[in-house]
Amino acid sequence: MIKTLLQKIGVGAALALVSGLVWAQARYNLQQPQTEVARQIYDLHTIILVICLVIFVGVFGMMFYSVVRHRKSVGHQAAQFHENATVEIIWTVVPFFILIGMAWPATKSLLEMKDTSSPDLTVKVTGYQWKWSYEYLKGEGDLSGVADGVMFYSTLATPHDQIYGSAAKGENYLLEVDNPLVVPVDKKVRVLITANDVLHAWWMPAFGVKQDAVPGFIRDAWFRVEKPGTYRGQCAELCGKEHGFMPIVVVVLEQREFADWAAKQKTASAAGGAQTAAAAGTAGQPAK
């Protein structure tokens with residue numbers, strides 16, 4: 001009877017555990033990956049979580065089983081043994097293969113994350129207290145010349161009345177900007193990341209990109225987004241009192257739409273430059 005009860009409890013615990021994992025994955029898991037690297041990170045996270053869970057259940061299950069079934073109150077006598085070669089080999093070899101199984105996909109993903117060669121588009125990202133700037137550098141590949149020279153700042157666009165509690169918070173509270181980074185779909189985008197003042201970090205969870213922005217240094221990363229959409233991230237390095245006000249928004253467009261956007265940005269930049277030059281020339285003329 002006790003054995004049957006334990007079996008029922010074991011089945012119920014397993015079902016509860018599976019249900020809890022499904023609920024937790026839906027509510028607390030990583031963002032849905034939108035790049036191949038992010039998908040590898042997501043799968044690696046899941047695999048290692050399962051391995052750790054199996055080890056946890058096995059170790060603690062054996063521990064509690066031993067405590068309950070081999071306690072002194074039921075008359076169990078402790079076994080006397082020493083230097084069991086078989087046990088020592090098992091607890092050395094099994095963890096070794098577990099670590100190899102975890103290290104192999106992790107190393108593969110890390111090497112792919114660092115391969116920033118042959119990009120279709122290069123964007124310089126600079127962190128400030130507290131905003132981002134994006135500068136499209138000389139293009140390579142299919143996007144050579146499309147957005148070269150486009151540059152703008154990206155700052156928080158959440159209204160102050162939401163921040164100070166005088167209005168209801170919006171759907172994308174503290175995750176909306178005035179000028180998002182715009183990139184084309186299915187193209188390799190290389191980002192050169194630095195900072196102007198203190199440490200920042202450019203973090204886009206859905207892309208599998210998280211890179212520190214260090215003053216005086218340039219770090220790089222890359223991503224290739226698989227479908228158009230709007231994706232959101234944040235600064236992930238404590239950088240001052242408005243650290244939480246440095247969201248990152250990336251808008252991914254079809255390639256023709258991206259080309260149209262870049263042309264409009266260049267036109268607006270040229271018009272702004274002409275107006276500035278004209279104003280400077282007028283200010284330099286002597287008064288009559």
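Mentor: A nonpolar core is a set of buried Ala, Val, Leu, Ile, Met, Phe, Trp, Tyr and Cys residues joined through side-chain atoms within 4.5 Å, where buried means under 20% relative accessible area, exposed over 50% and partly exposed in between (1.4 Å probe, protein chains only). The model is predicted, with local features needing pLDDT of at least 70 and side-chain atom pairs counted only at pLDDT 80 or more, while totals for chains, interfaces and linings use all residues. Residues are numbered from 1 along each chain as its sequence is written, and side-chain values use heavy atoms, leaving out hydrogens and water.

Trainee: With which residues is Phe 207 in contact, leaving aside its neighbours within four places in sequence?

Mentor: Contact means heavy atoms within 4.5 Å. With those neighbours set aside, Phe 207 is in contact with Gln 34, Thr 35, Ala 38, Phe 223, Val 225, Tyr 231, Val 250 and Val 252.

Trainee: How far apart are the end C-alpha atoms of helix 2?

Mentor: The expected span of a helix is 1.5 Å times one less than its number of residues. Because helix 2 has 34 residues, it should span 50 Å, and its end C-alpha atoms agree with this, being apart by 49 Å.

Trainee: What is the angle between the planes of Phe 56 and Phe 60?

Mentor: Phe 56 and Phe 60 are four residues apart in helix 2 (residues 36-69) and so are separated by about one helical turn; Phe 56, at 48% relative accessibility, is partly exposed, as is Phe 60 at 34%. Rings of Phe, Tyr and Trp (its six-membered ring) pair if their centres lie within 6.5 Å, planes under 30 degrees apart being stacked, over 60 edge-to-face and the rest tilted. The structure holds 13 aromatic pairs. In the tilted pair of Phe 56 and Phe 60, the centres lie 4.7 Å apart and the angle between the planes is 40°.

Trainee: Which residue caps the N-terminal end of helix 3?

Mentor: Helix 3 covers residues 85-113 and reaches 42 Å from its first C-alpha to its last, close to the 42 Å expected. A side-chain oxygen lies 3.1 Å from the backbone nitrogen of Thr 86, and the residue that carries this oxygen and caps the helix is Asn 84.

Conventions:
Helix = DSSP H or I, 4+ residues; strand = E, 2+ residues; numbered from the N terminus. Polar contact = N/O pair within 3.5 Å; in protein donor to acceptor, adjacent residues only side chain to side chain.
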